[in-house]
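Student: Could you show me how to read a helix and the loops around it, starting from the model itself?

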Amino acid sequence: SKQMTDDLWGVYNDIEKPLLPAVVEMEAGGCRIDKSAVEHAGVVLDKLYNEELLGLKQASYEEGCYIGDEFNPRSSKQSLEWINGLGANIKSTNANILLAITRDYPIVKYIVQLRHLYKLKTAYAAGLGKMGDRAYGSVNPSGTETGRFSYSGWKIKGTQWGINLQTIPKPKIWEEADSAESNLIRRCFIADNLRVFIELDYSQIELRVAAHISQDPVMIQVYLDGRDIHDEMEKLSRLIDYMPRSTDESRRRVAKIENFMIQYEPNDNTAVAILLRTCAQAEVYLTREEAYQIVQAKRKATMGLTTYYDKIKYEMQTRGYVETEYGRRLVMPWLSGRGRAIEYANIESWKNAINMPIQGTSADMIKLAISKLYSTFKDLPYRVRLIWTVHDSILLDVPDGKEQEVIDIAKPLMEGVFKLRVPIVVDTKIGKNLAEMH
């Protein structure tokens, strides 16, 4: 306690301590499961997996690279040997890497899809099948360095039980949202009888917090004017010039990647690599020169972020920690000395230190929102249940017919937990199951 400053005591007393009753309710209550939907998901995923495996065998035979009956697409070793045998030169079968090479080796997409289906089948359909009528997860309100929630299951006598509710799958980049296989799992999570789900989502909260903390004038003005940040990034980074043969949809995908994927990356070469890889996953293929030009245009458009990167480095060097707007700290000193190992460690620490005040402030905001919602809902004549929080959203279970009344209470409350230099916006979705709310 001697190391606790007034700011840190403030984080504990104002954010973490009041949160505990809500966390207890979320953990104890769990979420209702549709058992017939779980059984249906298992059967369909099994069928889809077998069909996809048959497709891979047929395609490999037609292309002269037959896999054989012993081939296991989930084996990293076997997959790596087979893919490199096609002519690729990769060192890992990480899904991001596999997606990035599918333009040159379309057959590799079978491997990605087979692993995706297998995970849905085993981790979710089979896992939910063990749980009976409700799904539960262990909630850790400070499970990450930034202060974000983390979830996990439990092991009982060596058997995994419970589920990481934060990883309930959403449609992948390559899937159509309405027909995605992940919806088979999302339909399994249902509201209680005569009740519905409401999802309250902080819209682009990390971008808004980044605009606030960095004081970048361009980002601030975009949000003050109510304009679309992705449209603006597309214009400011001149994507039409650097991607002259692109579609409107592909340019918007790249603008989103600029805003979300390279927001915390101060190194230009790494930012270029991230942009190339992530665009390829979204089936947008750039040359290295195009990616470099886009990164430079992004830097020029949001110079406040570059100033923020330098500010964070100075804080690491002079005081050895960074902190959120609420005073939550992460010790992150800049290492002295020379050598590649120290240089690499500092680059990685710098990236984490850039991320922490932004993501941590967003996490603090959602924690304050949960506490206020919990105490406010206790005064209502009907019960509103907090189900869980995933990153920037909160899921509620409310009586059917009370949706708008609850939204009218919750939305302004969440939007008013903290004053930023830009407006805070909460989006809402309503549904009987999670598949209706992707």
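This is a predicted model: local features need pLDDT of at least 70, side-chain atom pairs count only at pLDDT 80 or more; totals for chains, interfaces and linings use all residues.

Student: Which residues of α8 are buried?

Tutor: Helices are DSSP runs (H or I, at least four residues), numbered from the N terminus, and buried means under 20% relative accessible area, exposed over 50%, partly exposed in between (1.4 Å probe, protein chains only). In α8 the buried residues are Met219, Ile220, Val222 and Tyr223.

Student: Why do they line one face of the helix?

Tutor: An α-helix has 3.6 residues a turn, so residues three or four places apart point the same way. Seen down the axis of α8, the buried residues fall within an arc of 160° (taken from the directions from the helix axis to the C-beta atoms), so they line one face.

Student: What covers the buried residues of α8?

Tutor: The cover includes α7, α9 (229–236) and α14 (303–318).

Student: Where are Leu194 and Gln215 placed?

Tutor: Leu194, not a glycine, has a positive phi of about 60°, and its place is in the loop between α6 (182–186) and β7 (195–202), where strands are DSSP runs of E, at least two residues. Gln215, with a positive phi near 60°, is in the loop between α7 (205–214) and α8 (217–224).

Definitions and conventions
Residues are numbered from 1 along each chain as its sequence is written. Side-chain values use heavy atoms; hydrogens and water are left out. Contact means heavy atoms within 4.5 Å.
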